[in-house]
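Student: Could you take me through one part of this model closely? I would like to follow the aromatic rings and what surrounds them.

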Amino acid sequence: MANEEKRQSGIENQQLQEQQETQVSPADWKGRLENKYLELKQHAEEYPYVWASYILVYGGFACWAGYRWRKLRATETRVRVLQERLRKLVEAEEATASTSTSTPSISPPINKSTTASKSSQ
């Protein structure tokens, strides 16, 4: 019974500490940030090869992501240029099509079926 009460009071103390940690004032937040920085700095000094591997792996990933990002932007630029050229071509075709339909043609269109039947006779 006494052990159970100690466990419950220990659990309650942990919950109380967690609640206090979540309600942090800005000044205390800065202190925690500095403390975390010092812990990381100490860890980096103790284990330089681990941190070097982090830098190598994540740095390589960042370089690859930057390369792919630039390549994607270049592809988008090329696509925009091609779309603009296509849009201008379509506008030019529409303009020529509208001018040719608005003006009457001088020669009537040749009916191929009638010319083919006349030549076969």
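Tutor: Tyr54 and Tyr58 are four residues apart in helix 3, so about one helical turn separates them. Helices here are DSSP runs of H or I with at least four residues, strands are runs of E with at least two, and both are numbered from the N terminus. The model is predicted: local features need pLDDT of at least 70, side-chain atom pairs count only at pLDDT 80 or more, and totals for chains, interfaces and linings use all residues. Residues are numbered from 1 along each chain as its sequence is written, and side-chain values use heavy atoms, without hydrogens and water.

The structure holds three aromatic pairs. One of them joins Tyr54 and Tyr58, with 6.5 Å centre to centre and 55° between the planes, and is tilted. Rings of Phe, Tyr and Trp (its six-membered ring) pair if their centres lie within 6.5 Å; planes under 30 degrees apart are stacked, over 60 edge-to-face, and the rest tilted. Tyr54 is partly exposed, at 41% relative accessible area, while Tyr58 is exposed, at 56%. Here buried means under 20%, exposed over 50%, and partly exposed in between (1.4 Å probe, protein chains only). Ring pairs also bring in Trp51, making a cluster with Tyr54 and Tyr58.

Helix 3 covers residues 48-102 and has the highest mean pLDDT among the elements, 93; pLDDT is the predictor's confidence in each residue, from 0 to 100. The unreviewed UniProt entry places a "transmembrane region" at residues 49-67, and such annotations may be inferred rather than shown by experiment. Over residues 49-67 the chain is 100% helix, and its end C-alpha atoms are 26 Å apart.
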